[in-house]
Amino acid sequence: MLERIRIVLIGTSHPGNIGGVARAMHNMGLADLALVAPRCEVITQDSISRASGADHLLHQAKVHASLEDAVADCTLAVGASARSRTLPWPMISPRELAERLPSECQPDNARVALVFGREDSGLTNAELQRCHAHVHIPTNADFSSLNLAAAVQVIAYECRMAWLTQQDSATAEETDDALATHAELERYFEHLERTLIAIEFHDPAQPRQLMARLRRLYLRSRPEKMEMNILRGILSATEKAADQRQP
Ligand code: SAH
């Protein structure tokens with residue numbers, strides 16, 4: 001997913017900021033950097049030092065003459081804006097953007113462009129109108145504009161969090177971390193009740209909501225399949241021990 005996300009910087013004027021963006025991207029696992037008509041040199045002492053070891057992104061960065069060029073192959077373009085504009089456009093938060101990314105990045109040909117503006121004047125209305133949606137980092141209304149690299153950092157972090165969540169749920173599905181199903185839990189509750197009766201802890205004639213309370217306890221902890229197996233193993237061992245003690 002992360003390899004399908006492109007950071008597009010329009011008309012950047014400080015090499016240090018481009019370096020800072022490269023660092024923020026590499027920290028978060030993004031690598032596709034596109035520069036539209038930069039107003040400064042890209043590879044300088046300043047940009048290399050601010051990149052702090054992520055300068056390979058500066059060397060790989062593609063320079064384009066226009067925004068159209070930079071996003072021509074993209075299936076979704078989102079413009080980052082510090083201010084609200086006269087013509088309202090679909091406006092999302094970085095987190096809402098990130099939630100959309102797994103599905104937006106699904107098709108093989110998917111490319112998502114996140115477009116950032118100039119340090120002094122941001123994105124023009126014409127540029128913003130070339131984007132499907134706008135993303136705004138909810139800042140102090142009296143001081144809303146972040147440094148360019150800081151804005152990229154916040155949005156790249158949300159992208160990474162969405163990617164990590166996707167990775168976690170994929171591994172949970174295929175490993176021991178999978179949650180027990182309803183049927184597995186029901187089998188466990190039956191086994192538990194049988195065992196508690198056998199060891200005379202539970203008297204079905206005087207239930208006192210014991211099984212309901214135990215259900216509430218187990219359901220609250222969302223047991224995994226593997227944990228359910230351990231618990232059932234304990235019940236079987238308990239039954240066996242109780243059997244052996246019968247006179
Ligand atoms: N002075 C400019 C802002 C420049 S900051 C203005 O008033 O528009 C450089 C870029 O960082 C912006 O174009 C935008 O892409 C991004 N940015 C800064 N603050 C942001 C915020 N609060 N939300 C979203 N993007 C932001």
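Residues are numbered from 1 along each chain as its sequence is written, and side-chain values use heavy atoms, with hydrogens and water left out. Because the model is predicted, local features need pLDDT of at least 70 and side-chain atom pairs count only at pLDDT 80 or more, whereas totals for chains, interfaces and linings use all residues.

Side chains of opposite charge can pair when their charged atoms come close. The structure holds 12 salt bridges, a salt bridge being a side-chain nitrogen of Lys or Arg within 4 Å of a carboxyl oxygen of Asp or Glu. One of them joins Asp-120 and Arg-39, with 2.9 Å from N to O. Asp-120 lies in the loop between strand E6 (112–116) and helix H6 (125–128), and Arg-39 in the loop between strand E2 (32–36) and helix H2 (45–51), so the pair ties together parts that are 81 residues apart in sequence; helices (H or I, at least four residues) and strands (E, at least two) are DSSP runs, numbered from the N terminus. Asp-120 is exposed, at 58% relative accessible area, while Arg-39 is partly exposed, at 42% (buried means under 20%, exposed over 50%, partly exposed in between, with a 1.4 Å probe and protein chains only).

A salt bridge also links Glu-68 and Arg-130, whose closest N and O atoms are 2.2 Å apart. Glu-68 belongs to helix H4 (residues 67–71) and Arg-130 to the loop between H6 and strand E7 (133–135), 62 residues apart.

Within helix H5 (residues 94–104), Arg-100 and Glu-104 are four residues apart, about one turn of the helix, and form a salt bridge at 3.4 Å.
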